[in-house]
Amino acid sequence: MSVLIDLFSLAAIGAGVFFFFAGTVGLLRFPDSLSRLHALSKADNLGLGLVVLGLLPRAENPLAAFKLVVVWALVLLSGASTAQLIGRALRRGRK
Amino acid sequence: MSVLPALDLGLALLVVGVAAWTIAARNLFASVVGYVAYGLLLAIVWIRLYAPDIALTEAAVGSGVTGVLLVTAGKRLDAIKAAETGAPPGLALRIFVGALAVLVAGALAWVVVTLPTPAPSLAPAAAAAADGPGAGLGNPITAVLMSYRSFDTMLEKVVLILAVLGVWSVGPDKAWGTAPAPLRKAKAEGAMVFLAQLLAPAGALIGVHIFWVGADAPGGAFQGGALLAAMWMVAMMARLTEPPRIDSRILRLALIAGPAVFLVVGLAGLLLAGNFFAFPSAFAKPLILFIEAFMVLSIAVALPMLVAGPPDGSSEP
């Protein structure tokens with residue numbers, strides 16, 4: 001059973017790291033600010049979500065697991081909002 | 001096991017690199033962003049040094065609040081720069097300033113490098129002292145801050161109040177007593193309002209939680225207070241609330257509440273426990289939490305007032 005959990009954690013965190021990596025590559029390589037922003041928010045939301053998912057079975061107690069999920073939710077909220085704000089500031093600057 | 005040392009080395013190099021980039025950046029805004037990244041990296045360094053309390057403070061104050069402060073200051077500097085263009089400093093002056101900076105950095109580095117091993121430390125004495133009147137607190141950091149070094153902790157908050165007074169005093173005379181300008185001139189955007197409405201209540205709850213668990217786990221008054229301050233600033237940026245008038249009685253009472261309560265309890269210790277800032281050991285813990293609650297209030301009010309800046313008379317109708 002514990003081997004299965006280990007494998008699950010490994011797979012989920014590995015997938016999360018992949019999304020972070022892809023997002024970072026996008027941030028460095030994409031041509032304009034809006035698409036860079038797009039790459040970054042995907043990495044934050046999905047990558048962190050997968051890392052949290054992989055860490056959930058390793059939490060000491062349900063409260064710690066809940067805190068992990070709350071951390072992800074807070075990053076989702078602030079990441080999505082700031083991406084909106086930066087995007088709008090960019091569009092205003094272009095006009 | 002050789003992965004962690006390699007990661008630590010990479011982290012250390014990254015910190016030095018970001019620090020160098022922050023200094024070298026030509027653009028003021030870019031260097032502020034570099035400074036914020038530097039603060040977040042330092043927080044990770046503190047985690048690696050097993051100092052989660054300092055990591056929390058570094059992330060909240062060193063990176064978060066200071067970042068907002070520097071961005072705001074940068075904007076004001078830009079406005080001033082547009083108004084007047086003075087002559088850039090000459091080569092001799094720049095070399096002189098650089099030499100002074102090298103001298104200070106060199107002296108600091110020399111002191112650190114020539115520290116005796118083991119380095120002189122007050123930690124055992126502090127731990128012993130914290131075992132006494134600070135007993136009952138599971139977090140030794142809080143015990144030391146509030147019991148062993150209580151006078152320092154109290155004076156830190158006085159420094160914060162002095163800083164707020166300094167900021168207020170550079171406003172024009174005719175604006176004295178009015179409210180500082182809003183953090184955003186224009187009407188806030190929908191996304192900002194949405195963020196503030198959702199984040200501020202959750203963040204305030206987390207701030208109080210961090211203060212509350214600070215007695216027994218990493219956390220404490222400064223970290224919790226900084227989070228509350230950040231949430232107030234988010235609400236002000238969304239224009240959900242405006243900065244208060246600086247002659248407001250409530251604002252001023254909240255500002256001085258922390259050090260004032262600390263001082264009164266310290267003086268009471270002189271009478272009841274026989275020493276200035278001594279806590280009767282029977283109820284040291286509730287007393288310390290009582291003081292810290294007012295400290296949280298003072299910090300949560302002082303930091304946004306620093307960011308809001310001096311009243312400039314623009315908020316008058």
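User: Which residues make the nonpolar surface patch of about 790 Å² in this predicted model?
Analyst: The model is predicted. The patch covers about 790 Å² of surface. Its residues belong to chain B: B:F151, B:L155, B:L263, B:L267, B:L270, B:L271, B:L272 and B:F276.

User: Which element gives the most to the nonpolar patch?
Analyst: Two helices of chain B give two or more residues each: α7 (150–169) and α10 (249–272). Five residues come from the top contributor. That element is α10(B).

User: Is B:L155 buried, partly exposed or exposed?
Analyst: B:L155 sits in helix α7 of chain B. Buried means under 20% relative accessible area, and exposed means over 50%. The relative accessible area of B:L155 is 37%, so this residue is partly exposed.

User: What pattern does chain A follow along the sequence?
Analyst: Chain A has three helices and zero strands. Read along the sequence, the pattern is α-α-α.

User: Why is chain A more spread out than a compact globule?
Analyst: The C-alpha trace of chain A spans about 60 × 25 × 10 Å along its principal axes. For 95 residues, the globule rule gives 12 Å. Chain A is well over that, so it is more spread out, with a radius of gyration of 16 Å.

User: What percentage of the residues of chain A count as buried?
Analyst: Chain A exposes about 6400 Å², and carbon and sulfur atoms supply 73% of that area. A residue counts as buried under 20% relative accessible area. Of the 95 residues of chain A, the buried share is 24%.

Key: Residues numbered from 1 in each chain as written. Chains lettered and ligands numbered in written order. Predicted model: local features only at pLDDT ≥ 70, side-chain atom pairs only at ≥ 80, totals over all residues. Heavy atoms only, no water. Patch = residues over 30% accessible without salt bridge, like charges linked within 9 Å, V, L, I, M, F, W, Y side chains within 5 Å. Areas by Shrake-Rupley, 256 points an atom, 1.4 Å probe, with all protein chains shown as cover. Salt bridge = Lys/Arg side-chain N within 4 Å of Asp/Glu carboxyl O. Helix = DSSP H or I, 4+ residues; strand = E, 2+ residues; numbered from the N terminus. Buried < 20%, exposed > 50% of the residue type's maximum accessible area, 1.4 Å probe, protein only. Rg over C-alpha atoms; globule rule 2.2 N^0.38 Å.
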